[in-house]
Amino acid sequence: MNIEDYHGVWVFLEHKSGSIVPVSLELLGAGRRLADKRGVSLAGILIGDGVKPLAEHAIAYGADCVYVYDAPIFKYYRTESYMKAIIAGCQKYKPEIFLYGGTSTGKDLASAVATDLATGLTADTTMLDVDAETGLLEASRPAFGGNIMATILCKKDRPQMATVRPKVVKALEPDYSRAGEIMEEPVELREEEIRTKVLDIVRFAVQRIRLDEADIIVAGGKGLGGKAGFEMIREFANTIGASVGASRDAVEAGWIEHHAQVGQTGVTVTPKIYFAIGISGAIQHLVGMQNSGLIIAINQDPNASIFQACHYGIVGDAFQIVPLLTQAFQQA
Ligand code: FAD
């Protein structure tokens with residue numbers, strides 16, 4: 001591989017229900033900054049069925065060019081088909097940097113692409129920069145349970161790839177007068193080449209706002225004692241327009257669905273406000289929420305570790321405090 005042949009910054013444009021997801025728009029903002037610093041162009045890659053109209057939004061949010069792979073074979077997200085489109089794009093255009101949102105899709109896709117292209121991938125990053133001298137991507141992420149920030153370089157392989165947590169970088173204000181190029185790419189992929197078939201899509205009731213996109217989260221733990229405790233915090237969350245999260249122990253007890261789990265083996269969240277209610281503050285929970293803007297803990301044990309990690313703490317019984325908070329906000 002001759003790394004001199006690789007130019008430009010690319011962003012994977014994830015979309016859902018006919019819109020580009022917020023983290024991809026944020027990455028166009030970050031990608032614009034990196035591309036300008038490198039003096040190269042910023043491109044988006046859009047894969048789906050009937051997705052071409054979304055390209056103009058990507059241009060408004062900072063892309064110079066959008067490569068569109070639009071075909072019925074991409075109707076549903078499947079790792080193999082999307083990966084093959086990305087690999088075709090990388091082999092044809094040779095981007096030097098490639099960014100994905102740190103969503104389930106982004107993480108799944110980026111790791112598959114990195115394996116196939118035998119290149120490096122820094123997962124779950126929170127800061128991006130390029131070194132002015134070497135031009136290398138500097139992808140930083142918390143490590144060792146958040147005790148250090150590690151900056152990871154991919155020196156020998158291209159593209160340099162990273163998944164980036166939602167809400168850690170800012171999207172640009174959209175400018176629909178920006179000019180950009182929309183390139184419709186040929187799709188030669190055939191259904192027989194894809195081993196996964198989508199038989200059915202089963203939708204389950206999800207909360208109004210996804211946890212990784214929520215501005216306010218009310219999270220409950222084992223201290224809530226059961227499903228009734230979660231009903232209590234759900235009422236509080238609904239009152240203040242928050243989403244409901246949980247510790248792993250609460251999820252494992254079956255009090256709330258698995259997708260609500262925050263932490264090392266759950267979702268990483270960065271809301272403006274995070275309420276931790278009846279949560280002890282184990283390191284595996286903290287790594288998933290410690291970058292929240294404001295952390296408010298409610299716990300009856302004054303020595304609970306969560307009080308070391310929060311901005312405001314209330315020592316007391318959640319079953320007394322939460323109804324009072326709900327009532328106060330309902331009356332406000
Ligand atoms: P507990 O530790 O039991 O804490 C309950 C708290 O509630 C206590 O502090 C108690 O004082 C308080 N309390 C009790 N009653 C009340 C009341 N009435 N009012 C107010 N407070 C009350 N955990 C995660 O959360 N997310 C992860 O992603 C995760 N990944 C893990 C990965 C690995 C490899 C391992 C080993 C563990 C992981 N864990 C994870 C588990 C983690 O170590 C903790 O066990 C878990 O976070 C504890 O959950 P908790 O705080 O709800 O429960």
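Two strands are said to pair if DSSP finds at least two bridges between them. Strands (E, at least two residues) and helices (H or I, at least four) are DSSP runs, numbered from the N terminus. This is a predicted model, in which local features need pLDDT of at least 70 and side-chain atom pairs count only at pLDDT 80 or more, while totals for chains, interfaces and linings use all residues. Residues are numbered from 1 along each chain as its sequence is written, and side-chain values use heavy atoms, with hydrogens and water left out.

**Strands around β15**

Strand β13 (residues 216–220) runs parallel to β15, and five bridges join them. Within this pairing, Ile217 has Tyr274 of β15 as its bridge partner. β15 also pairs with strand β16 (residues 294–299), again in the parallel sense and over five bridges. Here Tyr274 is partnered by Ile295 in β16. Strand β15 itself spans residues 273–277, and four of its five residues are buried, where buried means under 20% relative accessible area (1.4 Å probe, protein chains only).

**Overall chain**

The protein chain has nine helices and 17 strands. Buried residues account for 50% of its 332 residues. Along the principal axes, the C-alpha atoms fill a box of roughly 60 × 50 × 40 Å.

**Ligand surroundings**

The shell has 25 residues, of which Lys222, Ser247, Thr265, Ser280 and Asn299 come nearest. By class, the shell divides into five nonpolar, 15 polar and five charged residues; Ala, Val, Leu, Ile, Met, Phe, Trp, Tyr, Cys and Pro count as nonpolar, Asp, Glu, Lys and Arg as charged, and the others, Gly among them, as polar. Helices α6 (248–252), α7 (283–286) and α9 (318–331) each supply at least two shell residues.

| Residue and its polar atom | Distance to an oxygen atom of the ligand |
|---|---|
| Arg248, backbone | 2.9 Å |
| Gln261, side chain | 3.0 Å |
| Gln264, backbone | 3.0 Å |

On its own, the ligand has 1000 Å² of accessible area, and the protein covers 75% of that; accessible areas come from the Shrake-Rupley method with a 1.4 Å probe.

Notes. A residue is near a molecule or strand if one of its heavy atoms lies within 4 Å of it. A polar contact is a pair of N or O atoms within 3.5 Å; within protein, one must be able to donate a hydrogen and the other to accept it, and residues adjacent in sequence count only if both atoms are side-chain atoms.
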